[in-house]
Amino acid sequence: MHYIREETLKLFVLQRIFDVTAMFFDDIQSFQNMVYQQRFEEAEKAVKRQKKELEQARKRIAELDRIFKRIYEDDINGTISHERFLKLSAEYEAEQKELTEFVKVEQAAVDTYEQDRTDFDSFAAVIRKYVGIRELTPTIVNEFVKKIIVHAPDKSSGHRRQKIEIVWNFIGELEQDENKQTIERQRKGRTS
């Protein structure tokens, strides 16, 4: 079990929120580029590929419906044997089922990516709302922070430092200067 003073944590979180808002307003384009590079650059390439594959899969599903109708009519008219119809229809249905599942999974991935992009805009709105804050309130923390992770100090290195990670609402973790995320623990009046 590890412990960190509430006041120390409040000051740290306040400073991190202040840093993020300052970074946002100092150079909004650089901030957006940083978040884009960390969160969206690779995902955007994958989403473009996924959208193309989704379009192709949907076209093939529609084509399979048309094919199935034709072979059904051929079966009714006696153009093909009923055994042949059963074999072809089973193959087409299996392909269509597989494609339908593929579309479901890929569409969910595309939707998640698009939601993440929307979330960034929501985070920007929160930043604009609280520019220049000087005092931390539960409302502010709840709007900015999804969770705070306080790691136990690494006793093997002999340091009494704790690493604190902040996971922001909407955008997740941001890589920032590691030294600003470390708080020196004072030994007075604390338990490890």
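Modeller: Let me start with a term: a nonpolar core is a set of buried Ala, Val, Leu, Ile, Met, Phe, Trp, Tyr and Cys residues joined through side-chain atoms within 4.5 Å. Buried means under 20% relative accessible area, exposed means over 50%, and partly exposed is in between, using a 1.4 Å probe and protein chains only. This is a predicted model, where local features need pLDDT of at least 70 and side-chain atom pairs count only at pLDDT 80 or more, while totals for chains, interfaces and linings use all residues. Residues are numbered from 1 along each chain as its sequence is written, and side-chain values use heavy atoms, with hydrogens and water left out.

Biologist: Thanks! Which residues touch the most other members in the largest nonpolar core?
Modeller: They are Val-13, Ile-17, Phe-123, Ile-140, Phe-144 and Trp-168, out of 34 residues in that core. In soluble globular proteins, nonpolar side chains tend to be buried together.

Biologist: And which elements give two or more residues to this core?
Modeller: Those are H1, helix H2 (28-77), helix H3 (82-129), H4 and S2. H3 gives the most, with eleven residues. Helices (H or I, at least four residues) and strands (E, at least two) are DSSP runs, numbered from the N terminus.

Biologist: Stepping back, how many helices and strands are there in the protein?
Modeller: There are four helices and three strands, and from the N terminus on they run α-α-α-α-β-β-β. The protein has 192 residues, and buried ones make up 33% of them.

Biologist: What share of the contacts with a separation of 6 or more is between residues 24 or more positions apart?
Modeller: That share is 65%. Contact here means heavy atoms within 4.5 Å.

Biologist: Back to Val-13. What is Val-13 in contact with, leaving aside neighbours within four places in sequence?
Modeller: Val-13 is in contact with Leu-136, Val-145, Ile-148 and Ile-166.

Biologist: Now the aromatics. How many aromatic pairs does the structure hold?
Modeller: Three. Rings of Phe, Tyr and Trp (its six-membered ring) pair if their centres lie within 6.5 Å; planes under 30 degrees apart count as stacked, over 60 as edge-to-face and the rest as tilted. For Phe-144 and Trp-168, the ring centres are 6.2 Å apart and the planes are at 75 degrees, so this pair is edge-to-face.

Biologist: Where do Phe-144 and Trp-168 lie?
Modeller: Phe-144 is in helix H4 and Trp-168 is in strand S2 (residues 161-168), so the pair ties together parts that are 24 residues apart in sequence. Both Phe-144 and Trp-168 are buried. Elsewhere, Phe-68, Tyr-72 and Phe-85 form one aromatic cluster.

Biologist: What about Asn-169, is it buried or exposed?
Modeller: Asn-169 has a relative accessible area of 17%, so it counts as buried. Asn-169 sits in the loop between S2 and strand S3 (182-184). Setting aside neighbours within four places in sequence, its contacts are Phe-123, Asn-142, Glu-143, Phe-144, Val-145 and Lys-146.

Biologist: And Arg-134, buried or exposed?
Modeller: Arg-134 counts as exposed, because its relative accessibility is 64%. Arg-134 lies in the loop between H3 and H4. Not counting residues up to four places away in sequence, Arg-134 touches Leu-14 and Phe-18.

Biologist: Where is Glu-95 placed?
Modeller: Glu-95 is in helix H3. Its relative accessible area is 28%, so Glu-95 is partly exposed. Glu-95 touches Arg-60 and Leu-64, not counting residues up to four places away in sequence.

Biologist: Last topic: how much space lies in the largest pocket?
Modeller: About 220 Å³. Of the 13 residues that line this pocket, the closest to its centre are Lys-10, Val-13, Leu-136, Thr-137 and Val-141. On a 1 Å grid over the protein atoms alone, a pocket is an open set of points where a 1.4 Å probe fits, with protein on both sides within 12 Å along at least five of seven lines, and lining residues have an atom within 4 Å of a point. Grid points are joined across faces, edges and corners, and a volume is the space filled by probe spheres set on the points.

Biologist: Which element supplies the largest share of the lining?
Modeller: H1 does, with six residues.
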